[in-house]
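I opened my notebook to look through a new model and jot down what I found.

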Amino acid sequence: MDRAARRNRRRQAGTLFADSYDGIGAESASGPGSPPLAVTLSLFALQILVSGYVIFTAALSGFIVDSCGERNCNFPLIEFAGWTAPLGIVAIFAFCVGLCIRRYSLSRATWWIPLGGICASLLVLLASIGLLHWGVGPAGI
């Protein structure tokens with residue numbers, strides 16, 4: 001049965017948009033072997049906890065300015081690094097929520113999105129800490 005015939009049959013049944021993609025290999029959020037929505041929501045809760053930890057750690061890392069002392073620190077870079085982590089984490093979380101809603105509405109698997117958000121959050125933290133240490137400069141006097 002070709003695509004037009006399937007579309008006409010769904011139109012007559014009143015389910016035109018219920019399953020608009022019937023291609024081979026189409027993954028389904030409710031299909032066999034896919035985790036339930038509760039797993040995705042639990043991973044989002046874990047992402048919220050990790051994001052809070054990352055923001056808290058980045059805020060505490062801002063106190064590295066106290067170690068500047070007599071050294072010539074790059075204060076604009078330190079200020080940029082201090083804002084990188086909190087704004088980056090909020091952007092990552094908003095992107096993950098939007099992507100999860102989009103994929104769930106298309107009946108696709110969503111469990112991997114919060115895991116990717118957690119990894120991206122940790123990478124942003126590492127980048128922020130690296131920028132902070134680079135802004136402070138060498139420790140020798």
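My entries below go from the overall fold to one helix, its aromatic pair and the cores.

**Entry 1: the overall picture.** I noted at the start that this is a predicted model. I looked up the secondary structure and found four helices and zero strands. Read along the sequence, that gives me the pattern α-α-α-α. The protein has 141 residues, and buried ones make up 28% of them.

**Entry 2: helix H2.** I turned to H2, which runs over residues 37-61. H2 has 25 residues, and from its first C-alpha to its last it reaches 36 Å, close to the expected 36 Å. Which elements do the buried residues of H2 pack against? I found H3 and helix H4 (112-136). Among those buried residues I listed Thr 40, Leu 43, Gln 47, Val 50 and Val 54. Phe 44 is on that list too, and I followed it into the next entry.

**Entry 3: the aromatic pair.** I searched for ring pairs and the structure holds one. Its rings belong to Phe 44 and Phe 93; their centres are 6.0 Å apart and their planes stand at 85°, so I logged the pair as edge-to-face. The angle settles it, because over 60 degrees counts as edge-to-face. The pair links distant parts of the chain, with Phe 44 in H2 and Phe 93 in helix H3 (residues 75-105), 49 residues apart. Are the two partners buried or exposed? Phe 44 is buried, at a relative accessible area of 10%, while Phe 93 counts as partly exposed at 26%.

**Entry 4: the cores.** Next I looked up the largest nonpolar core, which has 13 residues. Val 54, Cys 96 and Val 124 have the most contacts inside this core. H2, H3 and H4 are the elements that give two or more residues to it. The largest share comes from H3, with five residues. A second, separate core has nine residues, including Leu 77, Ile 78, Ala 81 and Val 136.

**Entry 5: one last look at Cys 96.** I set aside its neighbours within four places in sequence and asked what Cys 96 is in contact with. My list reads Phe 44, Gln 47, Ile 113 and Gly 117. I was pleased to meet Phe 44 again here, having logged it in the aromatic pair.

Key: Residues numbered from 1 in each chain as written. Predicted model: local features only at pLDDT ≥ 70, side-chain atom pairs only at ≥ 80, totals over all residues. Heavy atoms only, no water. Phe/Tyr/Trp six-rings, centres within 6.5 Å; stacked < 30°, edge-to-face > 60°. Buried < 20%, exposed > 50% of the residue type's maximum accessible area, 1.4 Å probe, protein only. Expected span 1.5 Å × (residues − 1). Contact = heavy atoms within 4.5 Å. Core = buried A, V, L, I, M, F, W, Y, C linked by side-chain atoms within 4.5 Å.
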